[in-house]
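What follows is a walk through one protein model, meant for a reader who has not seen it before. Please keep the sequence and the structure in view while reading.

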Amino acid sequence: MTGLADTTALLLSRIRDVADYPAPGVVFKDITPLLADPAAFTALTEALAEISVRNGATKIVGLEARGFILGAPVAVRAGLGFIPVRKAGKLPGATLSQSYDLEYGSAEIEVHAEDLTPGDRVMVVDDVLATGGTAEASLQLIRRAGAEVAGVAVLMELGFLGGRARLEPALDGVPLEALLTV
Ligand code: PRP
Ligand code: MG
């Protein structure tokens, strides 16, 4: 398995649709079968690392929680440092925080301010781009820390939710690369 089409087919075959989770009418994209398959997890890691290196990233930001699972091996594979962007209240040091709107209510993410500095070029890694709200907030955090954004790399984009259009202004010309669009 080396071609792009082979990788895409392998990844797609290891994502499980779970109907009516977490709410009636929602089809949840479960990546745990992919994580449990070493060939698929390795192919995913290599594809995201290739995107990161090709776009000149110097650091990988992973978005809690599933972005940690993908981002950490990507950072190791690409030979880059890994920076966790956490849900509010989990980081012990001086943080920058960013709020963003959810369908109902709001959420807040944080990063250690000292982890991102001018001169860094940061690739954001996550499993899913849905509405784009989480990724958008992470780009704001990265720029507020003085670092540059190299791009956003995700396993899958839920095309019907319009996250790409929402994220477009915040991308400011850097790429959003999704391995799968579902
Ligand atoms: C999920 C997913 C993405 C985010 C995408 O995270 O892993 O991070 O939602 O949604 P958006 O594009 O609408 O912002 P969630 O925080 O729900 O769960 P997790 O902690 O398991 O990653
Ligand atoms: Mg998440």
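Tyr21 has a relative accessible area of 45%, so this residue is partly exposed. The model is a predicted one. Phe28 is also partly exposed, at 22% relative accessibility. The rings of Tyr21 and Phe28 form an edge-to-face pair, because their planes stand at 85 degrees, with the centres 5.2 Å apart. A pair of aromatic rings is described by the distance of the centres and the angle of the planes.

How many aromatic pairs does the count come to? There are two. Besides Tyr21 with Phe28, there is the pair of Phe68 and Phe82, whose ring centres are 6.0 Å apart and whose planes meet at 85 degrees, so this pair too is edge-to-face. Phe68 belongs to helix α4 (residues 66-78) and Phe82 to strand β4, so the pair ties together parts that are 14 residues apart in sequence. Phe68 has a relative accessibility of 22% and counts as partly exposed. Phe82, with a relative accessible area of 27%, is partly exposed as well.

Phe82 leads on to the sheet. In β4, Phe82 stands opposite Ile60. Strand β3 (residues 59-63) and strand β4 (residues 81-87) run parallel and are joined by five bridges. Both strands are part of an open sheet of seven strands, in the order β5-β6-β4-β3-β7-β8-β9, with mixed pairing. Which strands stand at the edges? They are β5 (95-101) and β9 (176-181); each has a single partner strand, so one side of each is left without a neighbour in the sheet. On average, neighbouring strands of this sheet are turned by 20 degrees against each other, direction ignored.

β5 and β6 run antiparallel, with seven bridges between them. One of the facing positions is Gln98, which stands opposite Ile109 in β6. The hairpin of β5 and β6 has four residues between the strands, and Gly105 there takes a positive phi near 90 degrees.

Helix α3 (residues 38-54) lies across β3, β7 (121-129), β8 (148-157) and β9, and runs at about 155 degrees to β9. Helix α5 (residues 133-144) lies across β3, β4, β5, β6 (106-112), β7 and β8, at about 150 degrees to β5.

Helix α5 has several buried residues, namely Gly133, Ala135, Glu136, Ala137, Ser138, Leu139, Leu141 and Ile142. An α-helix has 3.6 residues a turn, so residues three or four places apart point the same way. How does the length of α5 fit its number of residues? At 1.5 Å a residue, its 12 residues should span 16 Å, and the end C-alpha atoms are 17 Å apart, which agrees. After α5 comes Gly146, with a positive phi near 95 degrees.

UniProt lists residues 34-157 under "domain: Phosphoribosyltransferase", in an unreviewed entry. Over residues 34-157, the chain is 36% helix and 36% strand, and the end C-alpha atoms of this stretch lie 16 Å apart.

Methods: Residues are numbered from 1 along each chain as its sequence is written. Chains are lettered from A and ligands numbered from 1 in the order in which they are written. This is a predicted model: local features need pLDDT of at least 70, side-chain atom pairs count only at pLDDT 80 or more; totals for chains, interfaces and linings use all residues. Side-chain values use heavy atoms; hydrogens and water are left out. Two strands pair if DSSP finds at least two bridges between them. Helices (H or I, at least four residues) and strands (E, at least two) are DSSP runs, numbered from the N terminus. Axes are lines fitted to C-alpha atoms, for helices over the stretch in contact, and angles run from 0 to 180 degrees between N-to-C directions. Contact means heavy atoms within 4.5 Å. Rings of Phe, Tyr and Trp (its six-membered ring) pair if their centres lie within 6.5 Å; planes under 30 degrees apart count as stacked, over 60 as edge-to-face and the rest as tilted. Buried means under 20% relative accessible area, exposed over 50%, partly exposed in between (1.4 Å probe, protein chains only). The expected span of a helix is 1.5 Å times one less than its number of residues. UniProt positions are given in the numbering used here, feature names are shortened, and annotations may be inferred rather than shown by experiment.
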